[in-house]
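Here is a colleague's note for someone opening this structure for the first time. The points are numbered and can be read in order.

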Number of protein chains: 2
Amino acid sequence: LKKANQEESRQHNRRLVLNTIYNSGEISRVDIARHTQLTRTTVSEIVSEFIDAGLVAEVGLAPSRGGKPATLLKVDENARLMIGVDLAEKEFCGALVNLRGAIVERLCLSIENENAETALERVYALVEQMLVLADQPVLGIGIGVPGLMDPATGYVRQAVHLNWHDLPLGDLLHQRFQLPVHLANDCQVAALGEYTFGAETANRNLIVIKIGRGLGAGIVLSGQLFYGDNAGAGEIGHVQIIEDGEPCRCGNQGCLETLVSSTALLQKAHLIAPGEFPDLIRFTQAYQAGDPRAVSLLEEAGNTLGRAIIHLVSALNLNRIVIAGNLTCCGEGLLASIQRQVQNGVLPALAQQTEIGLATLGDDIVILGAASLVLKHELGLF
Amino acid sequence: LKKANQEESRQHNRRLVLNTIYNSGEISRVDIARHTQLTRTTVSEIVSEFIDAGLVAEVGLAPSRGGKPATLLKVDENARLMIGVDLAEKEFCGALVNLRGAIVERLCLSIENENAETALERVYALVEQMLVLADQPVLGIGIGVPGLMDPATGYVRQAVHLNWHDLPLGDLLHQRFQLPVHLANDCQVAALGEYTFGAETANRNLIVIKIGRGLGAGIVLSGQLFYGDNAGAGEIGHVQIIEDGEPCRCGNQGCLETLVSSTALLQKAHLIAPGEFPDLIRFTQAYQAGDPRAVSLLEEAGNTLGRAIIHLVSALNLNRIVIAGNLTCCGEGLLASIQRQVQNGVLPALAQQTEIGLATLGDDIVILGAASLVLKHELGLF
């Protein structure tokens with residue numbers, strides 16, 4: 001808690017102006033001053049800086065309100081790029097993303113049997129490629145990784161699938177590429193991505209639950225990623241649901257992700273109908289064709305997830321929960337089960353207000369989330 | 001997101017100075033300036049205002065560092081009082097609380113068979129009595145109520161035990177007593193109380209779970225009460241644990257508080273040993289004497305609560321969880337069961353960091369919490 005010094009105030013005002021332009025779409029200097037309560041002189045100075053930097057452009061005249069029509073400004077969404085990287089279990093994907101979340105270039109490297117060293121080399125190669133393809137200045141590198149990250153220091157504390165432990169990934173990338181690096185857990189990053197580039201809503205709070213080979217959540221509070229005391233917030237995939245359940249890769253038993261994940265679903269499908277559902281595509285086809293076995297497995301997964309979600313709703317009373325990841329292909333069935341659990345399983349007044357839906361960003365949610373992490377930190381947007 | 005105007009800046013600086021003095025215990029003007037980065041002139045002006053208002057006092061000289069020794073300042077903890085009110089199920093308690101959380105006067109009214117009207121009259125009577133007893137200016141009235149509150153408007157949305165629905169309690173009290181009124185759910189208020197006046201810790205995050213006739217939680221994030229989107233955060237007593245469980249007063253079945261609460265514990269004790277445990281005092285005596293039936297019932301309650309707490313730990317990754325309320329008399333047994341569930345039921349890296357303990361404020365936790373709500377809002381402390 002300190003008094004802001006002059007440079008901090010200037011920085012604050014710059015961010016204020018940029019946020020106002022970004023969120024308005026198009027806006028005049030006068031309206032920026034009105035909205036931010038900064039003086040017209042201050043606004044004009046800051047806007048000039050942004051125009052000189054190519055970040056903001058004049059795009060025409062506002063409809064006249066009697067006097068001289070005002071010039072409209074907008075953020076040039078292609079003036080800067082972010083590199084968003086998703087270090088997922090079977091492939092590393094990277095993309096160049098513009099300031100509005102459009103993917104300009106994309107590259108995926110499949111990874112199999114990498115060791116800690118070669119996995120890191122693959123990350124270097126991916127970022128290098130992205131930089132070669134970038135035709136605009138790059139603001140920084142954002143990375144989402146399954147596991148426990150330390151966003152403050154850029155350390156990967158634990159990423160089991162890559163055998164990374166206490167790896168200073170942020171520093172390594174920063175030294176190599178001389179760009180700002182921001183990383184976080186992939187589900188946390190996904191939540192920020194959906195918040196930033198997903199369906200528009202007035203609500204500044206959001207929970208995203210991402211189902212893939214594992215399961216995890218990300219929580220956005222007041223427009224900011226909530227990390228918890230040790231950056232592990234959202235690790236709901238490892239809540240124990242069944243005391244003597246199946247062993248989980250975390251070392252415990254009966255974790256939520258041993259019951260609700262694409263892996264778990266296909267394993268269960270295999271037990272019921274060996275060989276009939278070799279992959280998620282086939283499972284989805286069967287589900288969509290109304291195969292009662294697929295329908296029932298999905299309903300079971302939805303019920304189990306719903307019974308975990310009622311704890312989130314009751315603890316946090318956040319009205320917007322979004323399901324992301326690779327079971328959203330069967331999303332409606334999943335949602336129906338979850339919603340039923342919420343209706344019966346939390347205080348009625350809270351249940352009524354809770355909306356549970358599907359993410360809008362699809363498979364790109366982590367890439368876009370990683371890019372939004374850069375946007376937030378480097379331009380102070382959102 | 002706006003530029004701060006001058007009056008807001010002055011207000012911010014005043015709060016900065018008062019917080020610095022309050023948290024330092026004793027401090028000189030020079031050290032306040034150093035700590036806040038405000039100029040010595042600004043600090044001296046603000047300190048003069050506080051001294052004139054009687055809120056801050058000069059208490060002697062600091063050890064000389066060579067030059068003229070500096071005068072030390074402290075907050076006069078008895079210069080102002082807050083009224084803290086706990087509208088619990090069987091009695092309404094009110095207290096005059098000083099700025100350090102010491103209870104100066106206390107009054108409890110037992111309430112039985114009140115209707116909505118007479119319950120309100122009892123609240124008026126309680127506050128009136130407190131005001132008569134106050135020998136210093138009263139900053140405001142803080143109230144903790146079981147149920148759903150709207151802290152922003154001062155409305156009681158739902159307090160079933162008093163048959164209050166959409167009651168503008170804040171406005172009613174404000175009109176009657178011409179004092180600021182702040183209210184929130186009793187468990188939320190308890191969390192703020194423990195954070196403000198309980199055991200000191202560097203952690204600005206805290207979860208308090210309060211067990212009484214019901215069960216609920218309060219969450220403090222970055223030193224602020226977290227309310228969620230509709231002020232219902234912490235309503236974990238109504239998470240459904242057993243799908244076809246006992247009916248709960250909320251209308252659902254098998255809620256956590258039907259399994260873990262003093263009511264539930266005594267009901268179960270009655271089934272096992274009719275008449276032997278008529279009240280919590282007798283139950284506690286039996287537990288402390290090692291009665292295996294009491295020990296086992298408590299262990300069961302701890303396990304059930306622990307299995308709900310693993311969801312909180314996994315979702316929020318907050319390291320400090322505190323159990324408050326009337327089962328803390330058997331606290332060690334309860335904690336042991338909860339800790340075991342956490343050890344087995346969340347991601348090992350998170351489990352290791354989580355500390356679960358007992359609240360330090362005892363039966364006064366809601367009263368003190370309600371007072372701390374006033375302290376926070378009216379003086380901007382913490």
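1. Salt bridges overall. Across all chains, a search of the whole structure finds 28 salt bridges. The term covers a side-chain nitrogen of Lys or Arg within 4 Å of a carboxyl oxygen of Asp or Glu. Side chains of opposite charge can pair when their charged atoms come close.

2. What you are looking at. The model is predicted: local features need pLDDT of at least 70, side-chain atom pairs count only at pLDDT 80 or more, and totals for chains, interfaces and linings use all residues. Residues are numbered from 1 along each chain as its sequence is written, chains are lettered from A and ligands numbered from 1 in the order in which they are written, and side-chain values use heavy atoms, with hydrogens and water left out.

3. A salt bridge in chain B. B:Arg249 and B:Glu257 form a salt bridge, with the closest N and O atoms 2.8 Å apart. Is B:Glu257 buried or exposed? B:Glu257 counts as buried, at 7% relative accessibility. B:Arg249 is partly exposed, with a relative accessible area of 49%. Here buried means under 20% relative accessible area, exposed means over 50%, and partly exposed is in between (1.4 Å probe, protein chains only).

4. The pair in chain A. The side chains of A:Arg249 and A:Glu257 also meet in a salt bridge, at 2.8 Å from N to O. A:Glu257 is buried, with a relative accessible area of 7%. Which residues make up the network that includes A:Arg249? Salt bridges that share partners join A:Glu89, A:Arg249 and A:Glu257.

5. A link across the sequence. B:Glu58 forms a salt bridge with B:Arg29, and the closest N and O atoms are 2.8 Å apart. B:Glu58 lies in strand E2 of chain B and B:Arg29 in helix H2 (residues 29-36) of chain B, so the pair ties together parts that are 29 residues apart in sequence. Both partners are partly exposed: B:Glu58 has a relative accessible area of 46%, and B:Arg29 has 22%. Helices (H or I, at least four residues) and strands (E, at least two) are DSSP runs, numbered from the N terminus.

6. The three-stranded sheet of chain B. Strand E2 of chain B belongs to an open sheet with the order E1-E3-E2 and antiparallel pairing. Its edge strands are E1 (27-28) and E2 (56-61) of chain B, each pairing on one side only. Two strands pair if DSSP finds at least two bridges between them. Five bridges join E2(B) to strand E3 (residues 71-75) of chain B. B:Val56 has B:Val75 in E3(B) as its bridge partner.

7. The five-stranded sheet of chain A. What is the order of the strands in this open sheet of chain A? The order is E6-E5-E4-E7-E11, with mixed pairing. Strands E6 (103-110) and E11 (181-185) of chain A are at the edges, and each pairs on one side only. From one strand to the next, the twist averages 15°. Strand E7 (residues 138-145) of chain A runs parallel to E11(A), and five bridges join the two. A:Val145 is paired with A:Asn185 in E11(A) as its bridge partner.

8. Helices on that sheet. Helix H5 (residues 169-177) of chain A packs on the sheet, touching strand E4 (81-87), E7 and E11 of chain A. The direction of H5 makes about 155° with that of E11(A). Helix H6 (residues 186-197) of chain A lies across E4, E7 and E11 of chain A, at about 110° to E11(A). Axes are lines fitted to C-alpha atoms, for helices over the stretch in contact, and angles run from 0 to 180 degrees between N-to-C directions. Contact means heavy atoms within 4.5 Å.

9. A histidine in chain B. B:His182 lies in strand E11 (residues 181-185) of chain B. B:His182 is buried, at a relative accessible area of 15%. Leaving out residues up to four places away in sequence, B:His182 touches B:Ile141, B:Gly142, B:Ile143, B:Leu373, B:Val374, B:His377 and B:Glu378.

10. How the chains are related. A rotation of 180° with 0.0 Å of shift along its axis superposes chain B on chain A, with an RMSD of 0.0 Å. That is the relation of a two-fold axis. The superposition is by least squares on the C-alpha atoms of residues with pLDDT of at least 70 in both copies. In chain B, B:His311 comes closest to the rotation axis, at 3.2 Å (C-alpha).

11. The interface. 59 residues of chain B are in contact with 59 residues of chain A. The copies meet through the same surface, because 100% of the interface residues of chain B are also interface residues in chain A. The two chains bury about 4700 Å² between them, 54% of it on carbon and sulfur atoms. Buried area is the accessible area (1.4 Å probe) that two parts lose on being put together, summed over both. The count between chain B and chain A is two salt bridges. One of them pairs B:Glu243 with A:Arg307, the closest N and O atoms being 3.9 Å apart.
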